[in-house]
Amino acid sequence: MAESISKDQLKENQNQYVIIDVREPDEFANGAIENSQNMPLGLTIRNAKKGQIDDLKDKNICVYCASGYRGNIAADELVKAGFNTVNLEGGYMAWTQ
């Protein structure tokens with residue numbers, strides 16, 4: 001199970017993470033965390049399994065979705081694949097409050 005990070009912890013240490021938004025492109029287009037990259041959940045899992053994002057294995061990754069559910073799935077899958085990943089508690093909704 002992947003660990004989670006609070007919005008305050010992420011805001012304090014944002015420059016230490018590669019931030020991946022696992023929401024769908026239309027959700028990402030309506031607002032996202034600054035400097036995050038959009039990689040929908042299914043694509044994130046496929047990319048990890050195919051070794052297409054292995055260059056991120058030496059980095060700290062923070063994933064997020066709208067409320068935390070998809071982010072938690074993504075974080076778990078990435079951790080299983082050998083990535084150092086945390087999930088943003090409460091997702092983008094928490095970030096914007």
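This is a predicted model: local features need pLDDT of at least 70, side-chain atom pairs count only at pLDDT 80 or more; totals for chains, interfaces and linings use all residues.
Visitor: In what order do the elements of the chain run from the N terminus on?
Guide: Helices (H or I, at least four residues) and strands (E, at least two) are DSSP runs, numbered from the N terminus. The chain has five helices and five strands. Reading from the N terminus, the order is β-α-β-α-β-α-β-α-β-α.

Visitor: What radius of gyration does the chain have?
Guide: Start with the span: along its principal axes the C-alpha trace covers about 35 × 25 × 20 Å. The radius of gyration is taken over C-alpha atoms, and the globule rule is 2.2 Å times the number of residues to the power 0.38. For 97 residues a compact globule would come out near 13 Å, and the chain agrees with that, at 12 Å.

Visitor: How much of the chain is buried?
Guide: Buried means under 20% relative accessible area, exposed means over 50%, and partly exposed is in between (1.4 Å probe, protein chains only). Of the 97 residues in the chain, the buried share is 43%.

Visitor: And what share of the accessible surface belongs to carbon and sulfur atoms?
Guide: Accessible areas come from the Shrake-Rupley method with a 1.4 Å probe, and for residues only the protein chains shown count as cover. The chain's accessible surface comes to about 5,300 Å², and the part that belongs to carbon and sulfur atoms is 45%.

Visitor: Which residue lies over the face of Tyr92?
Guide: A charge sits over a ring if NZ of Lys or CZ of Arg is within 6 Å of the ring centre and within 35 degrees of the ring normal. Trp95 has Lys11 over its face, at 4.8 Å from the ring centre. For Tyr92, at 4.6 Å from the ring centre, the residue is Arg23.

Visitor: Is Val22 buried or exposed?
Guide: Val22 is in the loop between β2 (18-21) and α2. Contact means heavy atoms within 4.5 Å, and leaving aside neighbours within four places in sequence, the contacts of Val22 include Met39, Leu41, Val63, Cys65 and Ala74. With a relative accessible area of 0%, Val22 is buried.

Visitor: How far apart are the C-alpha atoms of Ile33 and Thr96?
Guide: Ile33 is in the loop between α2 and β3, and counts as buried at 2% relative accessibility. Leaving aside neighbours within four places in sequence, Ile33 is in contact with residues including Leu10, Tyr92 and Trp95. Along the chain Ile33 and Thr96 are 63 residues apart, yet their C-alpha atoms are separated by 8.8 Å.

Visitor: Where is Ala75 found?
Guide: Ala75 is buried, with a relative accessible area of 0%. Not counting residues up to four places away in sequence, Ala75 touches Ala2, Val63, Thr85, Val86 and Asn87. From C-alpha to C-alpha, Ala75 and Asn87 are 5.8 Å apart. As for its place, Ala75 is in residues 69-80, helix α4.

Visitor: What is phi of Asn35 near?
Guide: Asn35 lies in the loop between α2 (25-29) and β3 (37-38), and is exposed, with a relative accessible area of 72%. Most residues other than glycine have a negative phi. Asn35 has a positive value, near 65 degrees.

Visitor: And how far apart in space are Asp55 and Ala94?
Guide: Asp55 is in the loop between α3 (41-49) and β4 (60-64), and is exposed at a relative accessible area of 55%. In sequence Asp55 and Ala94 are 39 residues apart, and in space, C-alpha to C-alpha, the separation is 29 Å.

Methods
Residues are numbered from 1 along each chain as its sequence is written. Side-chain values use heavy atoms; hydrogens and water are left out.
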